[in-house]
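User: I would like to go through some of the labels attached to this model and ask what each of them rests on.

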Amino acid sequence: MAVPERDASDDGPDTAVGPALRISSPAGKWVLLTTVLGSSMALLDSTVVNVALPAIGRDLDASLAALQWTVNGYMLSLAGLILLGGSLGDRFGRRRIFVVGVVWFAAASLMCGLAPNVGILIAARVLQGVGGALLTPGSLAIIQASFHPADRARAVGLWSGFGGVGAAVGPFLGGWLVDGPGWRWVFLLNIPAALVCVPVALRHVPESSGTFDAGKAGSGEAAAHRRFDVLGAVLGASALALVTYALIEARSGSVLVPVTAVAGVAAGVAFVQVERRRSDPMMPPDIFASRQFTAVNLVTLCVYAAFGGFFFLTALQLQVVAGYSALEAGTALLPTTALMLLFSARSGELAQRIGPRIPLTVGPLLCATAMLLMLRVGEDASYVADVLPALVVMGLGMVTLVAPLTATVLASVDTGRAGLASGINNAAARAAGLVAVAALPVLTGMGSEAYRSADAFDAAFRRAMPLCAGVLVVGAVLAFTTVRRPAPDCRRPECRTHGSILAPPLEPRRTSHGTLGPAGGPARPAGPDTPGPGPGSGPTP
């Protein structure tokens, strides 16, 4: 069946609707399988690696800085390129970019699994993040472009729910692999998943992409639509990379540290200037004209910085200090992700009734309490008496705040920009997490070999938890003083069930034709039944 295409006179490429698939049909089930499998690869690798870090350090004789880069290399390229990745699918074909992302991710995973030293492992992790930036928004975009309008919301819910299951079991699966066949299988497991995903996608997933009207091929409008904000993406990723390098290497006293810190700040300033001047910026500055959007992103930076630092250090604390095996440490983290998976949808419904301010205030305070409870976890800690209470409170706090956070992001901008707002918020959360992983060891005086010493690591951990709790309290205060109840007719989240602990879920975007486009793709005017962009709206990538 031919895939309908639309005229370039609209504000962006079309979310072309291929066969109007139904979830109950065999073709619909194949599309769900391949998109869930592809996105789960990226979600798993965001969570399983923390549990494997002590084993990686022992096997490759890696310093703590190298372990930080093992985590941050992936997060760096994913956070820096996820907005651009969504736009690439709109221009060159969503299935094509998704398949490229899966193959890229699998090849980088093979490189990780075979890495003879930590330098190659870090480089491979950076490449993994690039693949993740292509396949994560691409999987959601395929669902929007493929399913019948009556089934799209349910398909998004299934995609989000099954992806949440993958994220929830990630630490457990990682621990089982580390204690069993070895840490390399944490990465090699992606190969068979990709071998299933790619043929299914090529055979069963309909292609969809934006097109340009031939009559406007030479016009400035068409040329503008063809441009990508590559410079913005490079400057944004460079700023993150340089600042991260300066923070991680600060303990070395190298002359490169202040140089890279200044260069990182300069790249950040240049990024802002480029985004202000471009006609089609990756991150339109005028979207921050909404005070609510700016405020909720500041809350996001606070809470996800604390989460990133917490999960990085806790996986090490449980193994290095408490003496847990990798499997025991991964299993110990299950209550947090399981609670999110079970109750995130209900939390979102509660926030719709009472407004987001209370959940966004109480949630970070609960999480801060959990981090202080983690101070009880030391040598020979009891799981039931010491670890479990902290992680249950942590899970309750995350359940309370994550769904309302996503809803408030969507409600704070015009309906036509909701997907873009979700992409920006997701990237901000990942950036906050990687900065926290880079900064906490420096702030707590953690030496380069601290993870090899239970006493040294425990001392630093006990300094880190109050810092993370303090950042969460700042986030709670910001939420209480700045967040307001959204308008009753605002956009509501479609990804209601999720289990990701390192970033809020991505949300699709509604288009003028009642179809749904991917987060990170171009904004389009809303139709008659949805509010259109306001006066402050500008072009989007």
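User: How many nonpolar, polar and charged residues does the lining of the second largest cavity have?

Analyst: This is a predicted model, in which local features need pLDDT of at least 70 and side-chain atom pairs count only at pLDDT 80 or more, while totals for chains, interfaces and linings use all residues. Residues are numbered from 1 along each chain as its sequence is written, and side-chain values use heavy atoms, with hydrogens and water left out. The lining of the second largest cavity has 9 nonpolar, 4 polar and no charged residues, where Ala, Val, Leu, Ile, Met, Phe, Trp, Tyr, Cys and Pro count as nonpolar, Asp, Glu, Lys and Arg as charged, and the others, Gly among them, as polar.

User: Why is Ala155 called buried?

Analyst: Buried means under 20% relative accessible area, with exposed over 50% and partly exposed in between (1.4 Å probe, protein chains only); Ala155 has 0% relative accessibility, and therefore counts as buried.

User: Which residues does Ala155 touch, not counting residues up to four places away in sequence?

Analyst: With contact meaning heavy atoms within 4.5 Å, Ala155 touches Ile23, Leu32, Ile143 and Phe147 under that exclusion. The C-alpha atoms of Ala155 and Gln144, which are 11 residues apart along the chain, are separated by 8.4 Å.
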